[in-house]
Amino acid sequence: MKHLNLNVLKYILIGILFCFAIITKASHLVGGTIQVKWMGGTNYQVSVKIFRDCDPNSRTAEQPTLPDFDDPIYVGLFEKGTDVLMQRIRLDLDLNAYSKLDYSGINCPIITTGCTDLTTYTKVISMPDNRYSNNAGYYLSWERCCRNKIINNIQFPGDAAISLYAEIPAARFRNSSPVYQNNPVTLMCTNTLFKYNLNFVDPDNHQLRYSLVTPLNGHLDRNNPSNPNGNGQLLPMNPQPYQTIAWNPGFNASNAIKGTLPLSINPITGEISCIPSTPGVFVASIMVEEFLNGIKIGEVRLELQFTVTPCSGNPPKTFMVSVDNKIIFPNDTVFIEIPDNICMTIRSEKGDGANGDSIYMKISSPIMDSPLTIKPIFPPQTNGTGIVTAQFCFQSACEHLNTPVFPVFVEATDNSCPLNKKAGALFWIKVKNPPPPNIQVLQVNGLPFPSDTIPIEVLQQSCMKIVATSKDSLNLTVQIPLNSSLNHTLAPADSFKTGYKKVTTDICFKNTCADKSGLYPVFIYSKGNCPGTGFKSDTFWIQYKPMPIVNSAALLCMTLIDNKETFLYYGDSLFGKNPYFSHYRLYRIAGNTTQLLDSSFNSQNRYFKDLNTPNYNQFNYRYFMKGVNICGVEGPSSDTMGTFDQLKFIPDQQMLKYVTVKNNKEIYLEWKPSWEKDFAKYYLYKAKPNSNFTLLQTFENINDTQYIDSDVDVQQSAFCYYLVMQDTCDNYGPIGVQSCTMHLTGKSVPFASNLTWTPYVGWMNAPLSYNILRADPSNMQRKIAKPDSLFKSYTDNNLNSDEGIFYYTIQADSVVTSATANTVYTSLSNTISLFQSPEIYVPNAVTANGDGLNDVFKWVPIFLKDFNIRIYNRWGQEVFKTDSKTAYWDLKVNGNFVAEDVYLYQINYTGYDETVGSKQGSFTILH
C-alpha cells in the first residue's frame with residue numbers, strides 16, 4: 001500500500017509522545033561525529049555534526065528553526081602518544097547548517113516521527129607538514145553534558161556526558177576522514193527486522209572496517225556541562241583517556257539493543273541489523289576504522305540514539321521451493337552433489353495475492369563477499385504486489401567444501417507507513433562430494449592392453465594410456481613401491497595429473513640395470529580433486545630383459561707436442577643415437593703396464609690430452625678405447641695406436657716461393673701447395689727484421705697459396721714472413737724458411753745518386769744478381785746496372801740532365817732448379833724518388849755574323865723543370881722571350897739581326913725538388 005497506515009502511525013506517535021512527555025522543556029544530546037577533510041596544500045576542514053532533541057521553548061514565531069545549540073564550540077587537536085594539545089579550534093554556529101531529521105518508509109509520505117535537530121560546525125585550519133609530522137598521528141575531541149534521562153541501556157543517563165572522537169594520520173598523508181552519505185534512521189519497531197546502511201565512503205578509497213563500541217562519556221558533568229562554561233570561561237582541553245558510559249546490566253557494545261537479533265553491524269559493508277524485542281530509548285556508538293595497505297591510519301565514531309516502539313501489522317511471509325517443487329522451510333539445508341547445478345524458487349507474499357501490499361524482496365549470502373570464484377546467481381532485489389518470486393541457482397564446486405554450509409538470507413519488506421515491515425528467512429546450502437572415479441587401462445605401445453604383465457627390453461620404451469572418469473574434477477596417481485628399481489624410470493610429470501570428468505595419463509617405462517629379469521608392480525589410484533572424495537585403484541606388472549653392449553669409438557690420430565705430451569683424437573661409434581651408451585674408457589699401454597686414463601660420458605667429445613708421455617720418440621706409448629653401456633658393461637676394444645706410428649706423419653717444413661713489393665704499397669707472397677694428405681691449416685707469420693713474429697693469417701684451404709699484405713709501410717722497413725703447416729691431428733710442422741723483402745734507401749749528391757738496400761732473404765741460395773732499375777719523367781723504367789750480388793750499394797752518376805727526379809727499384813732474381821725445369825723467381829724492392837738541384841749557365845757574348853759559329857744566344861739548363869727568359873735592349877724594349885728551356889734566340893727581330901750592342905736578360909726557373917730560382921745579367925752581341 002502507498003497510503004499512510006493510520007494504525008501504525010498511532011502506535012508510533014504514542015511511543016514518541018511518551019518519550020517527549022519526559023523530555024519536554026529540555027534539549028539533550030542524542031549523538032554526533034567529527035570529520036576531517038583535506039582542502040589542498042596544508043589546509044584541512046574540521047566538521048562537527050551534533051544531534052539534539054528539539055526543545056519547543058527555544059523556538060519563537062520569528063525564529064521557528066533556531067536550535068538550542070552551543071555557540072561557539074571548541075575542539076581539541078592532540079598529538080597521539082604525547083597527548084600534546086596542538087590546536088584549540090573554535091567553531092562558530094552557522095544557522096544555515098541547521099536541519100531536522102525526518103523518517104519515512106519506502107513510498108511513504110515524509111512525516112516527522114520524532115524531534116531531532118542536526119547542525120554542522122565547520123572551520124578550515126592549517127596543519128603544516130613540518131609541525132604535524134608525528135608518525136603515530138593525531139586525534140580530535142569535543143565534550144558536552146548531558147544526555148537524555150530516558151535512555152534505557154546506560155546508568156544515570158541524565159548525568160552522563162558525551163565525547164565525540166576521531167583520529168587522523170600525519171599531515172603529509174593528505175588524508176580525509178570517512179563520511180556517511182545517508183542521514184541516520186533511528187526509529188525501530190518491536191519484533192520487526194530493522195536494516196539500514198549509513199553508507200560511509202572514504203574520499204581516498206581506503207579500506208573501511210566497522211564495529212560497535214561503548215560510547216565515550218568524557219570529563220564534563222552537570223557543574224561544567226560545556227566548554228566554554230556558562231560564564232563564557234574557557235576550560236582546559238582534556239586529552240585522552242576518556243571515560244566510557246556505564247552499561248545497565250545485560251547491555252554491552254555487542255548487545256546495545258536486545259532482541260531476537262541484537263543490534264549488530266556488518267564489519268565489511270557497515271549495514272546495521274536488529275530485531276528489537278522491547279520498546280525504549282537506547283544509545284550505541286559506531287566506530288569506522290580506516291586502513292591503508294593493511295595499516296590503520298584513522299577512525300571516526302558516530303554516536304546515535306535509537307527509539308524502539310510497538311508497530312501494528314504483520315511482516316510478509318517468505319518460503320523456498322526446490323527444483324522438484326519441494327518446499328524448503330526456514331533453516332532447512334539443501335544438499336548439492338558436485339558438480340550439479342540446482343535452481344530453486346524463492347517466494348514472498350502478503351495479503352490476498354494481487355490485492356495485497358507491495359513487497360520488496362532482497363536475497364543475500366556471505367558467499368557473495370567470499371574469495372570463492374564460483375558463486376550463486378540470483379537477482380539481489382525483486383519487487384511486486386502481493387506475491388514476489390525469484391530464481392536462485394547454484395553451481396557446486398570443490399572450493400565449496402571448505403565451508404560446511406552456506407547460509408542464504410531472504411529479506412522481504414512491505415510498504416507499511418511510516419515504517420516498512422520487514423521479515424527474513426534463512427536456509428542453508430551443503431555441497432557434497434561426487435562418487436569415486438572409474439579407472440581403465442586402454443593400450444600399451446599403441447596396441448590393445450593384452451594382460452596385466454608388460455614385458456620391456458632394456459631401455460626400450462613402453463607406454464600405456466590410463467584413463468580415469470568422474471562426474472567432476474579428478475586426479476590420477478601412478479605409484480611404484482619405494483624399494484622398486486622402477487622408481488627412477490617414471491617421469492614425474494606423468495605420476496600425477498588432474499582434469500575435469502576425464503583424465504588421461506601416458507606412462508612410459510625403460511628398463512634399468514638393477515635386474516635382468518623380474519616382475520615389478522605399478523599401482524594406479526584415481527580420486528576426485530575435492531577433499532574427502534572416494535578413490536579407485538588398479539595394479540599391473542612390468543617385466544625386464546637384459547641390455548645390449550656398446551661398441552668402442554675408433555682412435556683416429558695423435559698430436560705430438562714437444563716430445564712430452566700427446567693429444568688423442570677419436571670418433572663416435574654411436575652416431576649420437578645409441579640409447580645404451582654410458583661412456584667411453586681410454587686406456588694407455590706403456591711397456592707391460594695398462595692404465596685407465598679417462599672416462600668420457602659425453603659421446604660428442606673427440607680428444608684427450610695426455611700430459612705424461614716423455615720421450616715419445618724413443619718410447620712407444622700405445623692407446624685403445626672401449627665403450628661402456630649404462631649398466632657398466634664394457635664392449636669390445638678398439639684398434640691400438642702408438643706414438644711411433646704417428647711420428648711417421650709429422651708435416652714438412654714450408655717454404656715461400658718469394659715475397660715482393662707490389663705497387664710500392666703492399667707485399668705479395670706466394671707458396672707451393674702442401675703435399676700433406678692430412679692437411680688442416682697454413683699459419684702465416686710476419687715481423688720486421690730483428691723483431692718478434694706474430695700470426696698474420698690462417699688458411700684452411702690447401703689451395704690458398706697467395707696473400708697480399710696491405711698493412712705495411714714499404715718505405716720505412718723491410719718485412720719478413722714464414723709459414724707453418726698443421727695437419728688434421730693438430731701436429732705442427734717446423735717453422736718455415738724465413739723470407740724478407742728488400743728495403744731500398746738513397747741519397748742525392750751533385751750529379752749522382754747513392755743507393756743502399758737490404759738483401760733479399762728466403763731463397764736457399766743467394767740471389768744470382770741484383771738489378772738496378774731507374775725511371776725519370778721522360779724515360780720508362782729500365783735496367784741501368786747489374787752489380788755483383790755481394791754488394792748492396794750502387795752510385796748512379798750517369799744522370800739525364802734534362803730531368804731532375806729519378807725513380808729507383810732493386811730487382812732480385814734467383815733460379816730454382818728442378819728435375820723438369822728451371823724456374824726464375826723475382827722480387828722487387830720498394831721504389832724511391834731522388835732529386836737533383838737545378839742549375840743554368842748563360843754566355844756573356846755572341847757574334848751575329850751568320851757564320852754558324854756562336855751566332856745564337858744559347859744557355860745551358862741542368863735538371864730544370866720549368867723555365868722562362870725575357871731579353872731587353874738598352875732602352876728596355878723586349879726583343880725576345882720563351883718558356884722553352886731549349887728554344888734558343890737566333891739574335892734576330894722580325895727576321896733581321898739586331899744591332900751590335902749590350903743586351904739584358906731575366907731568367908726564372910724551378911727544379912723538380914720545388915727549388916725556385918732566377919738569374920739576371922747582360923751579354924754583348926758582336927758583328
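The backbone oxygen of Ala256 lies 3.1 Å from a polar atom of the Asn153 side chain, and the backbone oxygen of Val283 lies 2.9 Å from a polar atom of that side chain; a polar contact here is a pair of N or O atoms within 3.5 Å, where within protein one must be able to donate a hydrogen and the other to accept it, and residues adjacent in sequence count only if both atoms are side-chain atoms. The model is predicted, with local features requiring pLDDT of at least 70 and side-chain atom pairs counted only at pLDDT 80 or more, while totals for chains, interfaces and linings use all residues. Residues are numbered from 1 along each chain as its sequence is written, and side-chain values use heavy atoms, with hydrogens and water left out.

- Asn153 sits in the loop between strand E7 (138–145) and strand E8 (161–168), where helices (H or I, at least four residues) and strands (E, at least two) are DSSP runs numbered from the N terminus.
- With a relative accessibility of 0%, Asn153 counts as buried, a word that stands for under 20% relative accessible area, as against exposed for over 50% and partly exposed in between (1.4 Å probe, protein chains only).
- Not counting residues up to four places away in sequence, Asn153 touches Trp247, Asn248, Phe251, Ala256, Val281, Phe282 and Val283, contact being defined as heavy atoms within 4.5 Å.

**The chain as a whole**

- The chain holds three helices and 65 strands, and 47% of its 927 residues count as buried.
- Among contacts in the chain with a separation of 6 or more, 66% are made by residues 24 or more positions apart.
- The accessible surface of the chain comes to about 44800 Å², with 51% of it belonging to carbon and sulfur atoms; such areas come from the Shrake-Rupley method with a 1.4 Å probe, and for residues only the protein chains shown count as cover.

**Nonpolar cores**

- In soluble globular proteins, nonpolar side chains tend to be buried together.
- The largest nonpolar core has 65 residues, of which Val48, Leu77, Leu140, Leu198, Phe200 and Leu263 touch the most other members; a core of this kind is a set of buried Ala, Val, Leu, Ile, Met, Phe, Trp, Tyr and Cys residues joined through side-chain atoms within 4.5 Å.
- Strand E16 (residues 280–292) supplies the largest share of this core, namely six residues.
- Another core, of 38 residues, lies apart from the largest one, and its members include Val661, Trp671, Leu755 and Ala812.
- Leu77, leaving out residues up to four places away in sequence, touches residues including Val84, Leu85, Met86, Ile125, Tyr138, Leu140 and Ile168.

**Strand E51 and Ser769**

- Eight of the eight residues of strand E51 (residues 769–776) are buried, so the strand is largely enclosed by the rest of the structure.
- Ser769, Asn771, Leu773 and Ala775 point one way from E51, whereas Tyr770, Ile772, Arg774 and Asp776 point the other way, and all are buried.
- E51 pairs with strand E54 (residues 805–817) in the antiparallel sense over seven bridges, with Gln811 in E54 as the bridge partner of Asn771; two strands pair if DSSP finds at least two bridges between them.
- E51 is also joined by four bridges to strand E52 (residues 779–785), again running antiparallel, and E51 and E52 form a hairpin with two residues between them.
- In E52, Ala785 is the bridge partner of Ile772.
- Ser769, found in strand E51, counts as buried at 6% relative accessibility.
- The C-alpha atoms of Ser769 and Ser789 are separated by 4.9 Å, although these residues are 20 residues apart along the chain.
- Apart from its neighbours within four places in sequence, Ser769 is in contact with Lys786, Ser789, Gln811, Ala812 and Asp813.

- Three strands form an open sheet in the order E49-E50-E53, with antiparallel pairing.
- Strand E49 (744–749) and strand E53 (793–796) stand at the edges of this sheet with a single partner strand each, so one side of each is left without a neighbour in the sheet.
- E49 and strand E50 (residues 752–757) run antiparallel and are joined by six bridges, and Thr745 stands opposite Thr756 in E50.
- Five strands form another open sheet, in the order E20-E26-E25-E22-E23, with mixed pairing; its edge strands, E20 (333–337) and E23 (381–385), each pair on one side only.
- Strand E25 (residues 406–414) and strand E26 (residues 422–432) run antiparallel and are joined by eight bridges, and Leu426 in E26 is the bridge partner of Phe409.
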